[in-house]
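Please read the points below with the sequence and the model side by side.

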Amino acid sequence: MDAAKKDIISKLQKDILLWQGFAPPPAGQVKGIGLGPLEGAFPNGVFPTGSIHEMLCPTPEQTAATGGLIGGLLSTLMKHGGACIWISTSRKLFPPALKAFGAAPDSIIFIDVQRDRDVLWVMEEALKCGGLAAVVAEVREISFAQSRRLQLAVEDSKVTGFLLRNDLKKLSSTVCVARWQVSPLPSGAEPGLPGVSFPRWQVDLLRVRNGNPGSWQLEWCAGRFVPIVEQEEEQRIYIQIA
């Protein structure tokens with residue numbers, strides 16, 4: 001392929017990403033949500049806000065781990081103001097626990113409804129409110145058409161949505177920007193300190209629109225996400241110095 005055709009294809013790819021909301025950060029400005037190397041899986045290396053993210057939570061342990069990870073994400077999404085709405089039919093989340101991940105539970109509005117279809121209706125209406133920072137909804141299943149309605153809502157409001165799906169028997173295709181699966185990992189021992197250490201996750205990006213799926217291990221330490229490999233390297237250096 002000659003250089004002219006390569007340039008045309010490259011420009012088309014950049015234009016398509018811009019149309020889909022994947023704008024690169026301005027020169028000299030870092031735009032991210034603090035997920036470290038994981039963000040490189042997304043187009044332009046930027047976590048896509050103003051989109052719907054699908055989180056697979058088939059077990060109670062994965063649901064709890066996903067809630068913790070989302071808590072860390074909300075701490076960034078909400079730091080410039082804006083509340084979050086969390087919708088479910090059988091909420092298991094303990095709101096004060098979100099403080100451990102930097103998210104203020106008093107800025108999160110919890111809505112408990114009776115039916116899954118009510119969850120999706122409330123989520124769609126909430127996603128139309130541009131003053132919100134994020135909307136989280138726990139559902140068993142969702143159709144392609146329903147996910148399309150949610151995506152159309154965020155394209156105008158630029159609110160970030162998270163769908164926590166706990167029934168994988170009816171796992172259907174969606175228009176969500178990414179499909180995640182988060183699992184808990186044993187915490188690592190801190191040098192010189194007894195007891196349980198910082199929470200850790202195995203984060204798998206199973207599908208990323210125009211991106212690169214992969215797996216990462218993260219730890220929540222000092223108010224931020226840290227790759228476990230880097231954290232263990234710091235511990236080895238600490239032990240050698242001590």
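Notes on the predicted model

1. Helix α2 (residues 60-77) lies across β1 (52-56), β2 (84-88), β3, β4 (134-139), β5 (160-165), β6 (178-185), β7, β8 and β9, and runs at about 115° to β6. Contact here means heavy atoms within 4.5 Å. Axes are lines fitted to C-alpha atoms, for helices over the stretch in contact, and angles run from 0 to 180 degrees between N-to-C directions. Helices (H or I, at least four residues) and strands (E, at least two) are DSSP runs, numbered from the N terminus.

2. This is a predicted model, in which local features need pLDDT of at least 70 and side-chain atom pairs count only at pLDDT 80 or more, while totals for chains, interfaces and linings use all residues. Residues are numbered from 1 along each chain as its sequence is written, and side-chain values use heavy atoms, with hydrogens and water left out.

3. The chain has five helices and nine strands. From the N terminus on, the order of elements is α-β-α-β-β-α-β-α-β-β-β-β-β-α. Of the 242 residues in the chain, 45% are buried (buried means under 20% relative accessible area, exposed over 50%, partly exposed in between, with a 1.4 Å probe and protein chains only). Among contacts between residues at least 6 apart in sequence, 68% join residues at least 24 apart.

4. The nine strands form an open sheet with mixed pairing, in the order β3-β2-β4-β5-β1-β6-β7-β8-β9. Two strands pair if DSSP finds at least two bridges between them. β3 (108-112) and β9 (224-227) stand at the edges with a single partner strand each, so one side of each has no neighbour in the sheet. From one strand to the next, the twist averages 25°.

5. Strands β7 (residues 200-208) and β8 (residues 214-221) pair in the antiparallel sense over six bridges. Leu205 stands opposite Gly214 in β8, and Val203 has Trp216 in β8 as its bridge partner. The hairpin of β7 and β8 has five residues between the strands, and Asn210 takes a positive phi near 60° there.

6. β8 and β9 also pair in the antiparallel sense, over four bridges. Leu218 stands opposite Pro227 in β9. How many residues lie between the strands in the hairpin of β8 and β9? There are two residues between them, and Ala222 takes a positive phi near 55° in this hairpin.

7. Most residues other than glycine have a negative phi. Ala222 is not a glycine, yet its phi is positive; with a relative accessible area of 71%, Ala222 is exposed. Lys158, which is not a glycine either, has a positive phi of about 65°. Lys158 sits in the loop between α4 and β5 and counts as exposed, at 57% relative accessibility.

8. The axes of helix α3 (residues 116-127) and helix α4 (residues 144-157) come within 8 Å and cross at roughly 20°. The two helices are therefore roughly parallel to each other (angles under 35 degrees count as roughly parallel, over 145 as roughly antiparallel, 65 to 115 as roughly perpendicular and the rest as oblique). Leu120, Met123, Glu124 and Leu127 in α3 meet Gln146, Arg149, Leu150, Ala153, Val154 and Ser157 in α4. The residues of this contact divide into six nonpolar, two polar and two charged (Ala, Val, Leu, Ile, Met, Phe, Trp, Tyr, Cys and Pro count as nonpolar, Asp, Glu, Lys and Arg as charged, and the others, Gly among them, as polar).
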